[in-house]
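This briefing sets out selected features of a protein model, grouped by topic. Please consult the sequence and structure shown below while reading.

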Amino acid sequence: MNQNTPIRLKYFAWLRENIGKAEESHVLPQSVDSVDTLISWLIEQDANYAQAFENRETIKVAINQKHVEHNALLEGAYEIAFFPPMTGG
Amino acid sequence: MVVVRVQEQEFDIAKEQINLVGSRKDIGAIVAFTGLVRDITEGRKLSKMVLEHYPEMAESELGRLESEANKRFDLQGTTIIHRYGELFPGDLIVLVLAASQHRQDAFSAADFMMDYLKSNAPFWKKEYYTDKNEPEWVNAKTSDDERLNRWF
């Protein structure tokens, strides 16, 4: 993974409201190589993320618009989305 | 034929069914599921609902869902149309059509697609009530995940 390429992060529903933004871009440190480490890194950034990810195991994740588990690696990721369990239909 | 549409505007069930059939004469059964907005949820009166969605992923996920249905069941066509935006009690939210030679697969496919959609389609409902100032995000139901698990 090219560590200088910024990755787009997207947030939806109440996650978006708690964090205060729908979208942002970050160049991630090399140590952030999985969804789990990314969530931990975000939580360190400020209290809004910590609050949004309080029950982190319940938060759903998509990499490049496909559902993934929290142990998924970020290799090849250009867009990572975080959202609550879905309520469509 | 596989039809996927994510749109703000209302859909016409009869038109979509006609569209799915086209000029085919070999379809024996079409099952249509329509989801609507109810006016009362958990005792509270709804004034409106706003459906948020993840645009790029919604279409691809619904496409994946239909692909899966077409692999599992003997189908001649499927349609999924899911709306987003501001919806009011009585409004149509989602349409799922499954066409097959025989009714068994049509019924099962429609059931499967709705279960899959409920758990995996990136849409989120926010409810606004007539008797409350604060709107609320709808919580996903564990029963929906359980329903999905029965197919796997």
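This is a predicted model: local features need pLDDT of at least 70, side-chain atom pairs count only at pLDDT 80 or more; totals for chains, interfaces and linings use all residues.

The points below turn to the interface, the salt bridges and the aromatic pairs.

**Interface between chains A and B**

- The contact draws 26 residues from chain B and 19 residues from chain A.
- About 1,900 Å² is buried between the two chains, and carbon and sulfur atoms give 56% of this area.
- On the chain B side, B:Tyr54, B:Trp124 and B:Trp137 supply 34% of the area that this chain buries against chain A, more than any other three residues.
- Polar contact joins 14 residue pairs between chain B and chain A, with both residues at pLDDT 80 or more.
- Five elements of chain B each supply at least two residues of the side that touches chain A: strand S4 (44–53), helix H2 (55–72), strand S7 (92–100), helix H3 (103–120) and strand S8 (123–129).
- By class, that side of chain B has 13 nonpolar, six polar and seven charged residues.

**Salt bridges between the chains**

- Three salt bridges are counted between chain B and chain A.
- One of them pairs the side chains of A:Arg16 and B:Glu52, at 2.6 Å from N to O.
- The side chains of B:Glu56 and A:Lys10 also meet in a salt bridge, with an N to O distance of 3.7 Å.
- This pair joins two chains, because B:Glu56 lies in helix H2 of chain B and A:Lys10 in strand S1 of chain A.
- B:Glu56 is partly exposed, at 39% relative accessible area, whereas A:Lys10 counts as buried at 10%.
- A network of salt bridges links A:Arg8, A:Lys10, A:Glu79 and B:Glu56.

**Salt bridges within chain B**

- Over all chains, the count comes to 19 salt bridges.
- B:Arg24 forms a salt bridge with B:Asp26, and their closest N and O atoms are 3.0 Å apart.
- Both partners are partly exposed: B:Arg24 has 33% relative accessibility, and B:Asp26 has 41%.
- The side chains of B:Arg150 and B:Asp115 meet in a salt bridge at 2.7 Å, N to O.
- B:Arg150 lies in the segment after H4 of chain B and B:Asp115 in helix H3, so the pair ties together parts that are 35 residues apart in sequence.
- B:Arg150 is partly exposed, with a relative accessible area of 45%, while B:Asp115 is buried at 5%.

**Aromatic pairs**

- The whole structure holds 14 aromatic pairs over all chains.
- A:Phe12 and A:Phe83 form an edge-to-face pair, 6.4 Å centre to centre with 70° between the planes.
- This pair links parts of chain A that are 71 residues apart: A:Phe12 is in the loop between strand S1 (7–11) and helix H1 (13–19), and A:Phe83 is in strand S5 (residues 79–83).
- A:Phe12 counts as buried at 8% relative accessibility, and A:Phe83 is buried at 0%.
- In chain B, the rings of B:Phe112 and B:Trp151 are edge-to-face, because their planes stand at 85°, with the centres 5.4 Å apart.
- B:Phe112 belongs to helix H3 and B:Trp151 to the segment after helix H4 (142–149), 39 residues apart; both residues are buried.
- B:Phe112 and B:Trp151 belong to one aromatic cluster with B:Phe73, B:Tyr116 and B:Phe152.

Conventions:
Residues are numbered from 1 along each chain as its sequence is written. Chains are lettered from A and ligands numbered from 1 in the order in which they are written. Side-chain values use heavy atoms; hydrogens and water are left out. Contact means heavy atoms within 4.5 Å. Buried area is the accessible area (1.4 Å probe) that two parts lose on being put together, summed over both. A salt bridge is a side-chain nitrogen of Lys or Arg within 4 Å of a carboxyl oxygen of Asp or Glu. A polar contact is a pair of N or O atoms within 3.5 Å; within protein, one must be able to donate a hydrogen and the other to accept it, and residues adjacent in sequence count only if both atoms are side-chain atoms. Helices (H or I, at least four residues) and strands (E, at least two) are DSSP runs, numbered from the N terminus. Ala, Val, Leu, Ile, Met, Phe, Trp, Tyr, Cys and Pro count as nonpolar, Asp, Glu, Lys and Arg as charged, and the others, Gly among them, as polar. Rings of Phe, Tyr and Trp (its six-membered ring) pair if their centres lie within 6.5 Å; planes under 30 degrees apart count as stacked, over 60 as edge-to-face and the rest as tilted. Buried means under 20% relative accessible area, exposed over 50%, partly exposed in between (1.4 Å probe, protein chains only).
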